[in-house]
Each structure stands twice: as structure tokens, then as C-alpha cells.
Amino acid sequence: MKNNKPGRHLSARLLGVTILYAAAAIGGLTYAVVGSTVTLVWAPSGIALAALLAFGYRMAFGVALGAFLANAWTGIPLLAAAGIATGNTLEALVGAFLLMRLAGFRHAMDRRRDVFALITLAAIVSTMLSASIGVATLALGGIVSLGNYATVWTKWWLGDMMGVLVVAPPLLVWLSGTRTALSPLKAIEALCLVAALVLVCHKIFGAPELAVHGYYPASLAVFPFIIWGALRFGPWGASLVTVIVSVLAIWGTTQGTGPFVVNQPVDSLVRWCAFAIVVAVTGLLLAASVAEQRRAQSELKSSHDGLEQRVKERTQAIADINADLRREMAARRRLESALIRVSEEQQQTIGRELHDGLGQHLTGLALFSATLQHQLHERAQPEAEAAGRIVDLINQATAMTRSVARGLYPAALEVGGLPAALEQLAEHTRSLQGMACVFRCGPDVRVRDPLAAINLYRVAQEAVNNAVKYSQASHLRIDLTRVEAKYRLAISDDGIGADPERIWQGQGLGMHSMRYRASLLGGTFAIEKNAQRGTTVAVMYPDQGEQNEQQQRQHGA
């Protein structure tokens, strides 16, 4: 069995539109101002437009049937009733088409563009079609004379415009499903708004003393309630306030009370209709502006929150990266320190082995070779000359081995202190490297800390080796001076004077070794250009011995 539920819904909607349209039309025609077919109170135009926008163009059949029944009820010829119904139907179809296709209309009425589209395309343009067809039908039927055509057309047009602007908005907002549930406090506020509005409207539009005298400013008292409804309850509140004001105003006007009543009932209804249109336009535009402002504020807050969240994420990511870098740098420093310690231990071990082991063996071999040479010489053997050359080579190897051993762990450092070791370093540089090297020591220099002495010597040794390899210098100078409470060790050359980064390129471990030794002493390490356009490597560190003596004197005092 087929599901005919959609069909039943369509039939129910068509029937509902037909009944609602016909009932509203018959009610409005009771206030007819031209015969029995032209009225300024025409709610059906708003009902028809809302039905087609909400449920589709098929609702036009219900509009056409309801319009025909209502006009036929007035007693005009059926052909004239059919012509007027055609104009009413086309008005709704054209209005809905223009709003949906040209304006991208949204039923919630929370955008000013939707309100302007409703005013221009539906309330002004499409209602002209119904007024033109309807008045033309009445003129052809002899109900309206051609001399009154413009006047009747204007009244018809104003009545349809009022229905579109006053009746359609609350229906559209209600059918759109965008209304939010009211909190208890908001519901109490809404009741207070309605009660105060009804009271004020009754005082204004139910006052006989305001009739005929043209006290139109009295009607302005309703606008604070329009503003209240628009600001606090949006399009739904503004449109409901407009309906309440319009109903109470038409009630008072038809009863002969209120500021719109004049001697001619038709003119009274014209004034009421114009007032209702102004109230509707004001409320709808204000409500849409407020809704747009709130939506913009919400979007701005959402963007701000999103940006703040992204900033927090980026900040956390940067913090994590910094933490990783700190851990890597700490690990690198530990590795460098370990390499330096291993290098020192290996150098000391190699120095001792060269001095104690290989040096002793070479000495023994030299003695043996000398004895062999002496014996061969006494026997006048021809091999004596070759043995002499062997002795010379062994003596040279022994001297070189001891020189290397002293360079790795100089004995002068233990015997004569740091100045003696640096003087020996300058001498070895002159003799072994063939480069002029001078050592100068200040008269007040007393390096009493063995750890400081060995570290300063290693810095000088590393700097001299790098200068010999990379500086292309002809002269080197080693200076050990005292500046106030600090010692300064400087190794200067007159070489190429390139940037420090280029001078030490490829010497990463040596560079880090010198920096590390300076930091062990609590000092600073620097590489800079000097007056000879070469490079100076300098270490500044505090005199720990003097500091300790000062602390002891302070404690003693």
C-alpha cells in the first residue's frame, strides 16, 4: 500500500489556505470603501504571500479558490469574481517569485536586505498587479467608472500593501522556526510589553476626544513599544507589536474614536492604513538591524575566540620547541664536556705513554746503537758510519716524542706555572712551526689555581694551533695580563683578519672547547679583530684566589 501521507498534507494545506484566505477576505470586505469589493483592510495579501513562500507555489490554487469564493460572496458577477481572484493569485505568485529568485529571501526577516526586498518587490511592485487587474475588471463590469479609476486603484494598492507588510512578517517568522524559547524572565517581560501596549493603544485609539481634531502626534506614543519589541524580541516581537497596534487602531477608527477619525470614513481608513504601513516598516527595519548587529558581534566573538585559541596553540607549540631546544642544547653541552674530558684524559695518557714508554725505549735503543757504533768504529768496520746515522735518527725521534709529550701535558706547567708553560708554547711554535711567536706576561700575574692554569693553557694551545693553520699570519703574540680583579689571556695574529665565523669554520669542537673552558672559570670568551687587522682570541676570568682571600678576611673580621 502506497504512502499517501504527502498527498494528505498537501490537501490539508490547500484547504487551510483556502479557508483562511476566504475568511480574512470576507472580514476585510466588511470595511469596503468602494462598493463591496475594494477595501483598505486586506490581510489576505499577506496570508497568500506567506503561504507561497513557506509551502511552495502549489498553494496558489488555495489562494485562487479562496479569493473567488470571497468575491463571489459579495454578490458581484462570477466572471468579475474570477477576474479579481486571478489578480489576487498573480500578486502572490509574482511576489514570491521575485523574493526567492531575485532577493534570496530568508523567512526569518533578520536581515535588512530581506526587509527592503519585502517592501519593494512584494509590498510595492507585486501589489500593483492585483490592483491593476482588479480595478480593470470592475471598470469593465461597470462597477467602477473610468473617472474614479486612479482613486480606486490607489485604495486597492494601499490595502494590499498593508496586508503584505503587517500580516506576512509574523506568519513568515513563525513558519521559519527561528524563534527561540523564552526564559521565565523574558516571558514576564513579553507579557508586560503586551499589557502596556494594549493599555496605551486603548488610551489613544479609544479616545473620543481625539477624533476629528487631527491629533496625529498622539499616535507616536506607540513607537517606544515598537522599539521595545524590536530590541528585546527581534523580528518576531516587532511584527507582533505591529499587528496588535494595527488591530487596535482599526478598531478605534471604525468605532469613531482615535486620532485618525475625520468626517469621511474613507479618509479615516486611508490614514489608518498609512499609519500601519509606517509602523510595520519601522519595526521590521529596526529589528533586522539589531539582529544583524548581534550576529556580527557573535561572529566577531567567535573569530576572537578562535584566534585566541590559535594563539594559545602556537604559543604552546613555541614553548614546546624552546623546551626541546633547551634539552638538545643541554645534551650537546654535556656531550661536549664529555668529549673535552675524554680528550684531556687521552692527551694526558698519550703524553705519559710517550714520555714513559716510547721515550724510554727510544733512549735504550739510542744507547744500544751508540755502543754498536763504538764497537764497529774500534774494529774499523765499514758499517760504523751507517750505525752513526741510525743513532742520529733515534735521537731526533726521541726529541720529537718528548716535545709532543710536553705539548700535550707540559712539565713546565707543574714546575714554573702558567707563565713558564706559555713561554714554552711560544718557543715550540717558533722552533717547530717556523712562525714568530712572542709571550708577554704582566708583573702582577699570579695564577695560583692549577685548574685555571691548565684550562688557560689549553685555550692558548688551541688558539695558537688554529692561528697557525688558518690565519696565514707571520707573527703571533701571547699576552697574559691582569686587569683589576680579572686575568686576561689574549692570542693575537696579524693574519688575514677574516670574520670570526669564517676563521673558525670547521673548528667547531675546538671553539666549543675554548668556550667551555672559559665558562668553567666563570669568565668570558671573545673573538675579535685587532689593530694589526688580524684576529685576537681572548679569555677574561676573575681571580678566584684573590676573591677567596677577601672572603676569608671578611669572615675573620
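## Cavities

A cavity here is a set of grid points where a 1.4 Å probe fits but cannot get out. The structure, which is a predicted model, holds 4 cavities of 30 Å³ or more. The largest cavity contains about 80 Å³ of space.

Thr37, Val38, Thr39, Trp42, Asn71, Ile84, Asn88, Trp156 and Asp160 line the largest cavity. Two or more of these lining residues come from each of β2 (38–39), α4 and α6 (149–166). By class, the lining of the largest cavity has 4 nonpolar, 4 polar and 1 charged residues.

## Largest pocket

The space in the largest pocket is about 630 Å³. Its lining is made up of 27 residues, and those nearest the centre of the pocket are Thr180, Phe233, Gly234, Trp236 and Gly237. Three helices, α8 (184–205), α9 (223–254) and α10 (265–378), are the elements that give two or more residues to this lining.

Helix α9 supplies the largest share of the pocket lining, with 9 residues. Sorted by class, the lining of the largest pocket comprises 17 nonpolar, 4 polar and 6 charged residues.

## Packing of α4 and α5

Helix α4, which contributes to the lining of the largest cavity, spans residues 78–102, and helix α5 spans residues 112–140. The axes of the two helices come within 8 Å and cross at roughly 160°. Because of that angle, α4 is roughly antiparallel to α5; the cut-off for this class is an angle over 145 degrees.

The crossing in which α4 passes α5 is right-handed. In the contact of α4 with α5, 15 residues are nonpolar, 9 are polar and 1 is charged.

## The five-stranded sheet

An open sheet is formed by 5 strands, with mixed pairing and the order β3-β4-β5-β7-β6. At its edges are β3 (436–441) and β6 (524–529), each of which pairs on one side only. From one strand to the next, the twist averages 15°.

The edge strand β6 pairs with β7 (residues 535–542) in the antiparallel sense, over 6 bridges. One of the residue pairs joins Glu528 to Thr536, its bridge partner in β7.

Technical notes. Residues numbered from 1 in each chain as written. Predicted model: local features only at pLDDT ≥ 70, side-chain atom pairs only at ≥ 80, totals over all residues. Heavy atoms only, no water. 1 Å grid on protein atoms, 1.4 Å probe; cavity = no way out; pocket = protein on both sides within 12 Å on 5 of 7 lines; lining within 4 Å. Points joined across faces, edges and corners; volume = space filled by probe spheres on them. Helix = DSSP H or I, 4+ residues; strand = E, 2+ residues; numbered from the N terminus. Nonpolar A, V, L, I, M, F, W, Y, C, P; charged D, E, K, R; others polar. Axes fitted to C-alpha atoms, helices over the stretch in contact; angles between N-to-C directions. Parallel < 35°, antiparallel > 145°, perpendicular 65-115°, else oblique. Left-handed = near helix turned anticlockwise from the far one by under 90°. Pairing = 2+ DSSP bridges.
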